[in-house]
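Here is a short walk through one protein model, written to be read with the structure open beside you. Let us take a look together.

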Amino acid sequence: MGALVAAVYAQNPSSAAAIDRFRNFLESSEFKNTNPEFLRSHNHEEIPLWGGIFQRFTSFIRKSIFYGQSLARQASISEEKFTQNINFLLEEGQIEETAKPLAVIALDLKSCGEVILRKGSIRRAVSASCAIPGIFPPVKIDDRDLVDGGWVDRVPVHPARIMGADFIIAVDVGEGAEEQEDFSTGLGVYLRTCDVSRVALTRLQLKEADVVVCPDVSAVHWSDFGHLEECVRAGEQAISAQMKEIKKRIAGKKIRNILRSPFSWKKNLPISENETCANLSC
């Protein structure tokens, strides 16, 4: 989602236009044909009793089918449908030609490395960054099989820093580790440890940001796209609450840079195009 929002805004730097585009997308047939809503559990208070029983039963069946397909197929949503979604949201063009500088993150399945995409087809790059394993197929770019970069860098602070960003406001909308007490199965324990590792990695990476903004979207499941307006308001409220502190830190950093600049000799080296930022051992 980070890559989608960033790319839509980079092509047309208007928050109002970006929100309208996503609003239109959520009403489109392209989205309705690929909505992974069945992956979330419904709140019992959201729907009537009998309707709730039917809806939960349907969700259970669909989840079972999805997990079964994951054992036999690479993805539950075809590349054709995936591409239709991306094409609806993004204009064709090169990532290096956007109105605002843009880079998106992906994970290379072969090298286990984080890949920073800064050139080439913007649709192709964003597709790679959005390819959630098991749901969307990996995207091949330059002999690499790329998937969602959130598995190695959910909030890509370090890539922004090495690209030359002097002050970084990181926005973390990711879910924390789910609260669960059932560790009676091996699968339950395994999923819990995956959550813990993901959250720990994110916390470590966020330490490099100057400011971290965390909109309260904890009540919205990642696969539930029916709360666009609530998410936008949560973002506005979160940034407004920290605006005074952000301005204070920016002013302080400017003063430090002015005092340090005559004596500074070390500069950030520009990262090469589509460079693998980190090769992690598998």
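Where is the place of Ile 132? Ile 132 is found in the loop between H6 and strand E3 (139-141). Helices (H or I, at least four residues) and strands (E, at least two) are DSSP runs, numbered from the N terminus.

A word on the ground rules: this is a predicted model, in which local features need pLDDT of at least 70 and side-chain atom pairs count only at pLDDT 80 or more, while totals for chains, interfaces and linings use all residues. Residues are numbered from 1 along each chain as its sequence is written, and side-chain values use heavy atoms, with hydrogens and water left out.

**Overall picture**

The protein has nine helices and seven strands. Of its 282 residues, 33% are buried; here buried means under 20% relative accessible area, exposed over 50%, and partly exposed in between (1.4 Å probe, protein chains only).

**Back to the loop**

With a relative accessible area of 23%, Ile 132 is partly exposed. Setting aside its neighbours within four places in sequence, Ile 132 is in contact (heavy atoms within 4.5 Å) with Asp 148 and Trp 222.

**Two helix pairs**

Two packed helices are described by the angle between their axes and the distance between the axes. Axes are lines fitted to C-alpha atoms, for helices over the stretch in contact, and angles run from 0 to 180 degrees between N-to-C directions.

| Helix pair | Angle | Axes |
|---|---|---|
| H1 (residues 2-11) and H6 (residues 122-130) | roughly 160° | within 9 Å |
| H2 (residues 15-26) and H5 (residues 79-89) | about 145° | 10 Å apart |

H1 and H6 are therefore roughly antiparallel to each other, a label for angles over 145 degrees. In this pair, Ala 3, Leu 4, Ala 7 and Gln 11 of H1 meet Ile 122, Val 126, Ser 129 and Cys 130 of H6.

In the other pair, Arg 21, Phe 22, Asn 24 and Phe 25 of H2 meet Asn 85, Phe 88 and Leu 89 of H5.

Asn 87 sits in helix H5 and, at 30% relative accessibility, counts as partly exposed. Its side chain makes a polar contact with the side chain of Arg 123 (3.4 Å). A polar contact is a pair of N or O atoms within 3.5 Å; within protein, one must be able to donate a hydrogen and the other to accept it, and residues adjacent in sequence count only if both atoms are side-chain atoms. The C-alpha atoms of Asn 87 and Glu 30 are separated by 9.8 Å, although these residues are 57 residues apart along the chain.

Definitions and conventions
Angles under 35 degrees count as roughly parallel, over 145 as roughly antiparallel, 65 to 115 as roughly perpendicular and the rest as oblique.
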